Amino acid sequence: MDELEPVSSLLDMFLGGVLALIAASLSAHFGYRAADRMPGESRRPHCLYCLMPLRLWDCLPILGWSLRHKARARPCACKKQQDFWRLPMIEISGFVLGIAAIWLAGDLDPFLITTCLTLGVLVSIVMIDLAFGVIPDELNITLALLGLIGLLVGDGDVYFGLINAAGLLGLGLLLALVYSKWRGQEMLGLGDVKFLAAAGLWLPFMQIPWFLLASGIAGIAMGVLWRFLTGEKTFPFAPALCLSLAGCLFYQLYLYGAP
């Protein structure tokens, strides 16, 4: 049995990577469409340029873009979309994060499944916010549902999870509505506020200050970089939030897998 343990561990890491990859791919396909969709338009994934609905095999992780004709240069038959690197990057990043999660925590179980899926969603949120400056409600809802499932299957306290979510929601609204008005500029978007509420379901109470501190530090660093690269004063804050939440999740996984 001991000889089979390394094989089992490698298989678990691969499965964790696949789960995160699938979550990243699906959330990217539907998230990009949700961010670009006009009121009344279909929620089905479309090409962002010609609005042609994607076929079922176009949405398959990795195979969806790798098997197309000239996939890197012409991912759609309309040929308007050039150098479509975001989706492959999202899927590969999700796969790597899923592997890292299982490597850190140990054997795959229901709680780790929800964590791997969440890491895949976080990657998509980062890329979509960078591209459109919004976090689709669908992805925030998915993040919250996965958090609730994680509490249930991981023997967490749903009551305190909801309290954490409500507290972060209140803090987010304070920053978005009151503090932004006092400063005379938007400090936090409503999508970021909803993200904070969803993140509260994933964070123990003692970890929330570290999450907020890490978000602030990462936000300042990314804001300076964003201004240097684009010259814009306002910048998407979701990458800092996702990076901070992912760091907290990996710390939880480290404790989860500790002997």
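**Close-up views of a predicted helical protein**

**View 1. Helices α1 and α3 cross.** The axes of α1 and helix α3 (residues 86-105) come within 7 Å of each other, crossing at roughly 145 degrees. An axis here is a line fitted to C-alpha atoms, for helices over the stretch in contact, with angles running from 0 to 180 degrees between N-to-C directions. The crossing of α1 past α3 is right-handed.

A quick note on the model: it is predicted, so local features need pLDDT of at least 70 and side-chain atom pairs count only at pLDDT 80 or more, while totals for chains, interfaces and linings use all residues. Residues are numbered from 1 along each chain as its sequence is written, and side-chain values use heavy atoms, with hydrogens and water left out.

**View 2. Here is the whole protein before we zoom in again.** There are 9 helices and 0 strands; both are DSSP runs numbered from the N terminus, with helices being H or I of at least four residues and strands E of at least two. Of the 259 residues, 41% count as buried, where buried means under 20% relative accessible area, exposed means over 50%, and partly exposed is in between (1.4 Å probe, protein chains only). Take the contacts between residues at least 6 apart in sequence: 70% of them join residues at least 24 apart. A contact means heavy atoms within 4.5 Å.

**View 3. Gly-17 sits in helix α1 (residues 5-36).** Is Gly-17 buried or exposed? Gly-17 is buried, with a relative accessible area of 0%. Leaving out residues up to four places away in sequence, Gly-17 touches Gly-94, Phe-95, Gly-98 and Ile-99. Now look for Ile-102: its C-alpha atom is 8.3 Å from that of Gly-17, though the two residues are 85 apart along the chain.

**View 4. Helix α1 also meets helix α4 (residues 110-132).** Their axes come within 7 Å and cross at roughly 35 degrees, and this crossing is right-handed. Residues making the contact include Ala-20, Ala-24 and Tyr-32 of α1, along with Leu-117, Val-121 and Met-127 of α4. The contact of α1 with α4 divides into 15 nonpolar, 5 polar and 1 charged.

**View 5. Asp-137 and Lys-194 form a salt bridge.** Their closest N and O atoms are 2.9 Å apart. A salt bridge here is a side-chain nitrogen of Lys or Arg within 4 Å of a carboxyl oxygen of Asp or Glu, and the count for the model is 1. Asp-137 lies in helix α5 (residues 137-153) and Lys-194 in helix α7 (residues 190-200), so the pair ties together parts that are 57 residues apart in sequence. Asp-137 is partly exposed at 37% relative accessible area, and Lys-194 is partly exposed at 38%.

**View 6. Asp-155 lies in the loop between α5 and α6 (158-183).** Most residues other than glycine have a negative phi. Asp-155, though, has a positive phi, near 60 degrees. Asp-155 counts as exposed, at 73% relative accessibility.

Terms used: A crossing is left-handed if the near helix is turned anticlockwise from the far one by less than a right angle, and right-handed if clockwise. Ala, Val, Leu, Ile, Met, Phe, Trp, Tyr, Cys and Pro count as nonpolar, Asp, Glu, Lys and Arg as charged, and the others, Gly among them, as polar.
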